[in-house]
Amino acid sequence: MNHQPDQERELTDHLTELRRRLMLSAFVVFAFFLMALPSVKYVLAYLQEDLIERGLELNAFGVADPLMIYLNLALVIGLIAASPFLLYQVWAFVAPGLHPNERKGTLAYIPIIFGLFLIGLAFAYYWLFPLVLDISTDLGQDLGLEQLIGANNYFTFLLQLTIPFGLLFQLPVVTMFLTRIGVVTPYFLSKIRKYAYFALFVVAAFITPPDLTSHLMVSLPLFFLYEISLSISRITYKGVLRREKEAMVQEQMDLMKQMNEK
């Protein structure tokens, strides 16, 4: 029997479903983008407080800089606000291929992921960013440089530092999920620790200014985050082994029960 038409129909259905969810997600992001526009000026004022306290001010070096900053920040706010919905769309798309218990378990990851993302943003903005800003400002004064800070450059750097940290803070929950489905084990993560540290060190180089102090300020929290992920993997792995053992015992009991009934 030729299953080719059925396979093609199934692929077409998947692509149609994917397109529908992508269009719905784009509409929701655009809606949040529009809702974020009135609040951008208040967010901008809040983000400039650190500069005002240091006696610094932002300058627009390009004609379109104010407009681009306004739109880009509104888009970032819209994406962050819509991210739980976007995560749900990803889950809903893959859910039909999961077992009932897996669907419930993976759905619970959505608020955890969103919460960790916000914690990562807060960590980067309230602790890391002021340190980097202080180091840069002090270095400029030591070198006798008068800092004229471009608004577009300032907010670009702020987003390049905070958004990646929000994403990197997903490492523990990603590790938990991969351990739960058997892709990684704590033994594997321990074995590749030095390579993971090197990769995180390289990542830190891309999101910090080219000075060693700032680089270490970013790298050390990432190393600590990896160790937390490793600890979570150990706990999760123990739970996986316990459930496998319980399932094996239950299977043996069911088999013995069937044999006794015969």
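This is a predicted model: local features need pLDDT of at least 70, side-chain atom pairs count only at pLDDT 80 or more; totals for chains, interfaces and linings use all residues.

Colleague: Okay. How many helices and strands are in the chain?
Modeller: The chain has 11 helices and two strands.

Colleague: In what pattern along the sequence?
Modeller: The pattern reads α-α-α-β-α-α-α-β-α-α-α-α-α.

Colleague: What about the overall dimensions?
Modeller: The C-alpha trace spans about 90 × 45 × 30 Å along its principal axes. The radius of gyration is 24 Å, while a compact globule of 262 residues would come near 18 Å.

Colleague: What share of the residues is buried?
Modeller: Buried residues are 31% of the 262. The accessible surface is about 17100 Å², with 68% of that from carbon and sulfur atoms.

Colleague: Switching topic. Which residues does UniProt list as "transmembrane region"?
Modeller: The unreviewed UniProt entry lists 21–47, 67–94, 106–128, 163–183 and 195–212.

Colleague: How much helix is there over residues 21–47?
Modeller: That span is 89% helix and 0% strand, and its end C-alpha atoms are 34 Å apart. Residues 106–128 are 96% helix and 0% strand, with end C-alpha atoms 31 Å apart.

Colleague: And which residues form a nonpolar patch on the surface?
Modeller: Leu11, Leu15, Leu18 and Leu22 do, with about 370 Å² of accessible area together. Leu22 sits in helix α1, residues 4–36.

Colleague: Why does Leu22 count as exposed?
Modeller: Because its relative accessibility is 52%, and exposed means over 50%.

Terms used: Residues are numbered from 1 along each chain as its sequence is written. Side-chain values use heavy atoms; hydrogens and water are left out. UniProt positions are given in the numbering used here, feature names are shortened, and annotations may be inferred rather than shown by experiment. Helices (H or I, at least four residues) and strands (E, at least two) are DSSP runs, numbered from the N terminus. Patches are made of residues with over 30% relative accessible area and no salt bridge: like charges are joined within 9 Å, nonpolar side chains (Val, Leu, Ile, Met, Phe, Trp, Tyr) within 5 Å. Accessible areas come from the Shrake-Rupley method with a 1.4 Å probe; for residues, only the protein chains shown count as cover. A salt bridge is a side-chain nitrogen of Lys or Arg within 4 Å of a carboxyl oxygen of Asp or Glu. Buried means under 20% relative accessible area, exposed over 50%, partly exposed in between (1.4 Å probe, protein chains only). The radius of gyration is taken over C-alpha atoms; the globule rule is 2.2 Å times the number of residues to the power 0.38.
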